[in-house]
Amino acid sequence: TGAPKLLEVTGLKATYGHSITALDGVDLSLAEGEILALLGGNGAGKTTTLKAISNLLPAERGRVTEGAVRYQGETVLSRSPAALVRAGLVQVLEGRHCFKSLSVEENLVSGGLGRSASRTEIAEDLERVYSWFPRLRDKRRALSGLTSGGEQQMTAIGRALMARPRLLILDEPSMGLAPIVVQDIFRALRRLNTQEGLSILVAEQNSAIALTYADRAVILENGRTVLEGDARELKARGDVRAFYLGQK
Ligand code: ATP
(Lines give C-alpha, C1' and ligand atoms only; values in the text may rest on other atoms or scores of the structure.)
Protein backbone atom coordinates (compact mmCIF):
# COMPACT_ATOMS: atom_id res chain seq x y z
CA THR A 1 0.00 0.00 0.00
CA GLY A 2 1.52 3.22 -1.39
CA ALA A 3 3.48 5.27 1.14
CA PRO A 4 6.34 3.58 3.00
CA LYS A 5 5.91 2.87 6.68
CA LEU A 6 7.60 5.33 9.01
CA LEU A 7 9.83 2.52 10.24
CA GLU A 8 10.46 -0.86 8.71
CA VAL A 9 12.79 -3.52 10.06
CA THR A 10 13.10 -6.63 7.90
CA GLY A 11 15.05 -9.83 8.51
CA LEU A 12 17.44 -8.05 10.83
CA LYS A 13 20.44 -10.02 12.07
CA ALA A 14 23.19 -8.55 14.22
CA THR A 15 26.28 -9.68 16.08
CA TYR A 16 28.59 -8.28 18.73
CA GLY A 17 32.33 -8.71 18.47
CA HIS A 18 33.32 -11.62 16.26
CA SER A 19 30.65 -14.15 16.93
CA ILE A 20 27.98 -13.27 19.48
CA THR A 21 24.65 -13.45 17.70
CA ALA A 22 22.23 -10.99 19.26
CA LEU A 23 19.60 -10.75 16.53
CA ASP A 24 18.59 -13.61 14.29
CA GLY A 25 15.68 -12.37 12.25
CA VAL A 26 13.77 -9.39 13.63
CA ASP A 27 10.82 -8.04 11.68
CA LEU A 28 8.70 -5.09 12.72
CA SER A 29 7.04 -2.12 11.17
CA LEU A 30 5.46 1.01 12.50
CA ALA A 31 3.05 3.26 10.67
CA GLU A 32 2.94 6.99 11.28
CA GLY A 33 0.85 7.75 14.38
CA GLU A 34 1.19 4.33 15.95
CA ILE A 35 2.43 3.13 19.34
CA LEU A 36 4.26 -0.17 18.91
CA ALA A 37 5.47 -2.18 21.90
CA LEU A 38 8.56 -4.36 21.56
CA LEU A 39 8.27 -7.14 24.12
CA GLY A 40 10.43 -10.02 25.29
CA GLY A 41 12.40 -11.25 28.27
CA ASN A 42 15.91 -10.50 29.37
CA GLY A 43 18.35 -10.87 26.49
CA ALA A 44 15.64 -11.37 23.85
CA GLY A 45 17.21 -8.64 21.73
CA LYS A 46 15.09 -5.56 22.42
CA THR A 47 17.93 -3.18 23.20
CA THR A 48 20.00 -4.44 20.28
CA THR A 49 17.05 -3.90 17.93
CA LEU A 50 16.57 -0.32 19.16
CA LYS A 51 20.29 0.41 18.85
CA ALA A 52 20.32 -0.94 15.30
CA ILE A 53 17.40 1.34 14.44
CA SER A 54 19.32 4.43 15.61
CA ASN A 55 22.55 3.13 14.00
CA LEU A 56 24.16 2.96 17.44
CA LEU A 57 25.53 -0.60 17.17
CA PRO A 58 28.98 0.28 15.78
CA ALA A 59 29.68 2.20 19.00
CA GLU A 60 29.29 -1.12 20.89
CA ARG A 61 31.31 -3.26 18.50
CA GLY A 62 28.04 -4.49 17.13
CA ARG A 63 27.17 -4.95 13.51
CA VAL A 64 24.14 -5.59 11.35
CA THR A 65 24.97 -8.67 9.26
CA GLU A 66 21.72 -9.15 7.36
CA GLY A 67 18.44 -7.41 6.78
CA ALA A 68 17.49 -3.77 6.76
CA VAL A 69 16.22 -0.87 8.83
CA ARG A 70 14.38 1.81 6.92
CA TYR A 71 13.20 5.10 8.41
CA GLN A 72 10.96 7.16 6.13
CA GLY A 73 11.81 4.70 3.38
CA GLU A 74 15.59 5.11 3.60
CA THR A 75 18.22 2.89 5.17
CA VAL A 76 19.56 4.14 8.49
CA LEU A 77 22.92 2.42 8.09
CA SER A 78 24.40 5.20 5.99
CA ARG A 79 23.34 7.95 8.41
CA SER A 80 24.97 8.98 11.68
CA PRO A 81 22.96 8.76 14.90
CA ALA A 82 23.02 12.57 15.08
CA ALA A 83 21.68 12.93 11.54
CA LEU A 84 18.90 10.49 12.43
CA VAL A 85 17.99 12.63 15.44
CA ARG A 86 17.80 15.68 13.19
CA ALA A 87 15.51 13.66 10.91
CA GLY A 88 13.19 13.11 13.88
CA LEU A 89 14.27 9.65 15.01
CA VAL A 90 15.00 10.23 18.68
CA GLN A 91 15.78 7.59 21.28
CA VAL A 92 15.62 7.56 25.08
CA LEU A 93 18.25 5.04 26.08
CA GLU A 94 17.81 2.41 28.76
CA GLY A 95 18.47 3.61 32.32
CA ARG A 96 17.17 7.19 32.13
CA HIS A 97 20.33 8.94 31.09
CA CYS A 98 20.39 12.41 32.61
CA PHE A 99 23.31 14.64 33.33
CA LYS A 100 23.13 14.27 37.10
CA SER A 101 25.11 17.41 37.89
CA LEU A 102 22.94 19.62 35.70
CA SER A 103 19.56 20.99 36.67
CA VAL A 104 16.42 19.44 35.23
CA GLU A 105 15.94 22.46 32.97
CA GLU A 106 19.55 22.38 31.77
CA ASN A 107 19.05 18.72 30.89
CA LEU A 108 15.95 19.57 28.91
CA VAL A 109 17.61 22.45 27.06
CA SER A 110 20.49 20.16 26.10
CA GLY A 111 18.02 18.06 24.10
CA GLY A 112 17.31 20.97 21.78
CA LEU A 113 20.92 21.85 21.05
CA GLY A 114 21.22 19.60 18.00
CA ARG A 115 18.91 21.78 15.96
CA SER A 116 19.35 25.45 15.33
CA ALA A 117 16.49 26.77 17.42
CA SER A 118 16.03 30.35 18.58
CA ARG A 119 15.70 31.23 22.25
CA THR A 120 11.99 31.77 21.76
CA GLU A 121 11.58 28.34 20.22
CA ILE A 122 13.52 26.70 23.05
CA ALA A 123 11.37 28.54 25.60
CA GLU A 124 8.20 27.40 23.83
CA ASP A 125 9.41 23.82 23.67
CA LEU A 126 10.28 23.90 27.38
CA GLU A 127 6.74 25.05 28.12
CA ARG A 128 5.42 22.13 26.09
CA VAL A 129 7.55 19.64 28.02
CA TYR A 130 6.38 21.15 31.33
CA SER A 131 2.79 20.83 30.16
CA TRP A 132 3.33 17.10 29.53
CA PHE A 133 5.27 16.58 32.75
CA PRO A 134 4.14 19.20 35.31
CA ARG A 135 6.38 17.67 37.97
CA LEU A 136 9.39 18.78 35.98
CA ARG A 137 8.32 22.41 36.17
CA ASP A 138 8.34 22.25 39.98
CA LYS A 139 11.76 20.62 39.90
CA ARG A 140 13.29 22.66 37.12
CA ARG A 141 16.04 24.18 39.25
CA ALA A 142 16.87 20.94 41.08
CA LEU A 143 19.97 18.93 40.20
CA SER A 144 18.81 15.91 38.22
CA GLY A 145 20.89 13.60 40.37
CA LEU A 146 18.83 14.63 43.37
CA THR A 147 15.43 14.02 41.78
CA SER A 148 13.49 10.75 42.00
CA GLY A 149 13.84 7.89 39.52
CA GLY A 150 10.52 8.79 37.95
CA GLU A 151 11.52 12.42 37.58
CA GLN A 152 14.80 11.36 35.97
CA GLN A 153 12.92 9.20 33.48
CA MET A 154 10.57 12.13 32.73
CA THR A 155 13.61 14.37 32.28
CA ALA A 156 15.15 11.90 29.84
CA ILE A 157 11.88 11.75 27.88
CA GLY A 158 11.48 15.54 28.04
CA ARG A 159 15.00 16.00 26.73
CA ALA A 160 14.16 13.73 23.79
CA LEU A 161 11.00 15.77 23.13
CA MET A 162 13.12 18.93 22.95
CA ALA A 163 14.65 17.47 19.78
CA ARG A 164 11.15 17.52 18.22
CA PRO A 165 10.89 13.84 17.36
CA ARG A 166 8.64 12.37 14.76
CA LEU A 167 9.38 8.87 16.04
CA LEU A 168 10.20 8.55 19.73
CA ILE A 169 11.93 5.34 20.78
CA LEU A 170 12.12 4.33 24.43
CA ASP A 171 14.05 1.46 26.00
CA GLU A 172 12.32 0.14 29.13
CA PRO A 173 10.96 3.39 30.53
CA SER A 174 9.34 1.46 33.42
CA MET A 175 12.59 -0.01 34.72
CA GLY A 176 12.94 0.34 38.48
CA LEU A 177 9.97 2.68 38.86
CA ALA A 178 6.92 2.41 41.10
CA PRO A 179 3.74 1.27 39.28
CA ILE A 180 2.01 4.62 39.78
CA VAL A 181 4.91 6.50 38.19
CA VAL A 182 5.03 4.00 35.33
CA GLN A 183 1.36 4.76 34.69
CA ASP A 184 2.01 8.50 34.68
CA ILE A 185 4.71 8.02 32.10
CA PHE A 186 2.67 5.77 29.82
CA ARG A 187 -0.33 8.10 30.10
CA ALA A 188 1.85 11.02 29.01
CA LEU A 189 3.13 8.95 26.07
CA ARG A 190 -0.42 8.09 25.04
CA ARG A 191 -1.44 11.75 25.20
CA LEU A 192 1.59 12.80 23.15
CA ASN A 193 0.52 10.22 20.61
CA THR A 194 -3.14 11.23 20.38
CA GLN A 195 -2.73 14.98 20.76
CA GLU A 196 0.48 15.58 18.81
CA GLY A 197 0.50 12.58 16.50
CA LEU A 198 3.84 11.41 17.84
CA SER A 199 4.77 7.88 16.72
CA ILE A 200 6.25 5.74 19.47
CA LEU A 201 8.26 2.52 19.65
CA VAL A 202 8.68 1.30 23.22
CA ALA A 203 10.65 -1.73 24.39
CA GLU A 204 9.37 -3.17 27.65
CA GLN A 205 9.74 -6.18 29.90
CA ASN A 206 6.60 -4.95 31.63
CA SER A 207 4.26 -6.37 29.01
CA ALA A 208 1.11 -5.67 31.03
CA ILE A 209 1.58 -1.90 30.98
CA ALA A 210 2.96 -1.81 27.44
CA LEU A 211 0.02 -3.82 26.05
CA THR A 212 -2.39 -1.52 27.86
CA TYR A 213 -1.10 1.59 26.11
CA ALA A 214 0.20 0.34 22.74
CA ASP A 215 -1.75 -0.18 19.54
CA ARG A 216 0.26 -3.18 18.41
CA ALA A 217 3.05 -5.31 19.78
CA VAL A 218 5.91 -7.43 18.52
CA ILE A 219 7.32 -10.20 20.70
CA LEU A 220 10.98 -11.20 20.48
CA GLU A 221 12.50 -14.43 21.65
CA ASN A 222 16.14 -15.41 21.15
CA GLY A 223 16.70 -12.50 18.78
CA ARG A 224 13.73 -13.36 16.57
CA THR A 225 10.27 -11.98 16.04
CA VAL A 226 7.97 -14.77 17.18
CA LEU A 227 4.63 -12.97 17.31
CA GLU A 228 3.09 -9.72 16.13
CA GLY A 229 -0.40 -8.43 16.62
CA ASP A 230 -2.99 -6.10 18.02
CA ALA A 231 -2.10 -5.15 21.60
CA ARG A 232 -5.53 -5.79 23.05
CA GLU A 233 -5.77 -9.22 21.44
CA LEU A 234 -2.32 -10.21 22.67
CA LYS A 235 -3.15 -8.98 26.16
CA ALA A 236 -6.27 -11.13 26.26
CA ARG A 237 -4.40 -14.28 25.27
CA GLY A 238 -3.27 -16.17 28.34
CA ASP A 239 -1.03 -18.47 26.30
CA VAL A 240 0.93 -15.49 25.00
CA ARG A 241 1.52 -14.19 28.51
CA ALA A 242 2.55 -17.61 29.78
CA PHE A 243 4.76 -18.74 26.91
CA TYR A 244 6.42 -15.59 25.70
CA LEU A 245 6.21 -13.08 28.47
CA GLY A 246 6.88 -15.22 31.50
CA GLN A 247 3.79 -14.14 33.38
CA LYS A 248 1.00 -16.06 35.04
P1 ATP B 1 17.61 -6.57 28.36
O2 ATP B 1 16.21 -6.35 28.77
O3 ATP B 1 18.39 -7.36 29.34
O4 ATP B 1 18.32 -5.34 27.89
P5 ATP B 1 17.24 -7.22 25.62
O6 ATP B 1 16.01 -7.91 25.15
O7 ATP B 1 17.31 -5.77 25.43
O8 ATP B 1 17.50 -7.58 27.13
P9 ATP B 1 19.78 -7.31 24.33
O10 ATP B 1 20.38 -6.42 25.34
O11 ATP B 1 19.51 -6.77 22.99
O12 ATP B 1 18.43 -7.95 24.89
O13 ATP B 1 20.69 -8.61 24.20
C14 ATP B 1 20.59 -9.58 23.16
C15 ATP B 1 21.79 -10.52 23.22
O16 ATP B 1 22.98 -9.82 22.89
C17 ATP B 1 22.04 -11.12 24.61
O18 ATP B 1 22.46 -12.44 24.42
C19 ATP B 1 23.14 -10.25 25.17
O20 ATP B 1 23.94 -10.99 26.06
C21 ATP B 1 23.94 -9.87 23.93
N22 ATP B 1 24.56 -8.54 24.06
C23 ATP B 1 23.91 -7.38 24.30
N24 ATP B 1 24.76 -6.33 24.34
C25 ATP B 1 25.98 -6.83 24.09
C26 ATP B 1 27.29 -6.25 23.97
N27 ATP B 1 27.50 -4.93 24.11
N28 ATP B 1 28.33 -7.09 23.73
C29 ATP B 1 28.12 -8.42 23.61
N30 ATP B 1 26.92 -9.02 23.68
C31 ATP B 1 25.86 -8.25 23.94
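Predicted model: local features only at pLDDT ≥ 70, side-chain atom pairs only at ≥ 80, totals over all residues.
S199 is buried, at 0% relative accessible area. The residue belongs to strand β8, which spans residues 199-204. Now show its side chain and look towards G33. The side chain of S199 comes to 2.7 Å from the backbone nitrogen of G33. Next, display the surroundings of S199. Residues up to four places away in sequence aside, S199 touches L6, L30, A31, E32, G33, E34, R166, L167 and L168.

**Step across to L168**

L168 sits in strand β7, residues 167-171. Is L168 buried or exposed? L168 counts as buried because its relative accessibility is 0%, and the cut-off for buried is under 20%. Sequence neighbours within four places set aside, L168 is in contact with V90, V92, I157, A160, L161, L189, L198, S199, I200 and L201. For a distance check, pick the C-alpha atoms of L168 and M154. They lie 13 Å apart, with the two residues 14 positions from each other along the chain.

**Colour the cores**

In soluble globular proteins, nonpolar side chains tend to be buried together. Which residues touch the most other members of the largest nonpolar core? They are F133, I157, L161 and L168, in a core of 45 residues. Select helix α7, residues 179-196: this helix gives the most to that core, with seven residues.

Stay with L161 for a moment. Its contacts, not counting residues up to four places away in sequence, are V129, W132, F133, L168, L192 and L198. Then pick out a second, separate core. This one has 29 residues, including Y16, L23, Y71 and L89.

**Visit T15**

T15 is in strand β1, residues 7-16. T15 has a relative accessible area of 14%, so it counts as buried. Show what surrounds T15. Beyond its neighbours within four places in sequence, T15 is in contact with I20, T21, A22, R61, G62, R63 and T65.

**Run along α1**

Select residues 46-53, helix α1. How many of its eight residues are buried? Seven are, and the helix is mostly covered. The buried residues of α1 are K46, T48, T49, L50, K51, A52 and I53. Continue just past the end of the helix to N55. There, N55 takes a positive phi of about 55°.

**Finish at the ligand**

Now select the ligand and its shell. The ligand is surrounded by 15 residues. N42, G43, K46, T47 and T48 are the closest. By type, the shell residues divide into four nonpolar, seven polar and four charged.

A backbone N or O atom of G43 is 2.8 Å from a ligand oxygen atom. At G41, a backbone N or O atom lies 3.5 Å from an oxygen atom of the ligand. Then move to E172. An N or O atom in the side chain of E172 is 3.2 Å from an oxygen atom of the ligand.

Switch to a surface view. Taken alone, the ligand exposes 620 Å², and the protein buries 67% of that. Which elements give two or more residues to the shell around the ligand? They are β2, residues 20-30, and α1. Helix α1 gives the most to this shell, with three residues.

Notes:
Residues numbered from 1 in each chain as written. Heavy atoms only, no water. Buried < 20%, exposed > 50% of the residue type's maximum accessible area, 1.4 Å probe, protein only. Helix = DSSP H or I, 4+ residues; strand = E, 2+ residues; numbered from the N terminus. Core = buried A, V, L, I, M, F, W, Y, C linked by side-chain atoms within 4.5 Å. Contact = heavy atoms within 4.5 Å. Near = heavy atom within 4 Å. Polar contact = N/O pair within 3.5 Å; in protein donor to acceptor, adjacent residues only side chain to side chain. Areas by Shrake-Rupley, 256 points an atom, 1.4 Å probe, with all protein chains shown as cover. Nonpolar A, V, L, I, M, F, W, Y, C, P; charged D, E, K, R; others polar.
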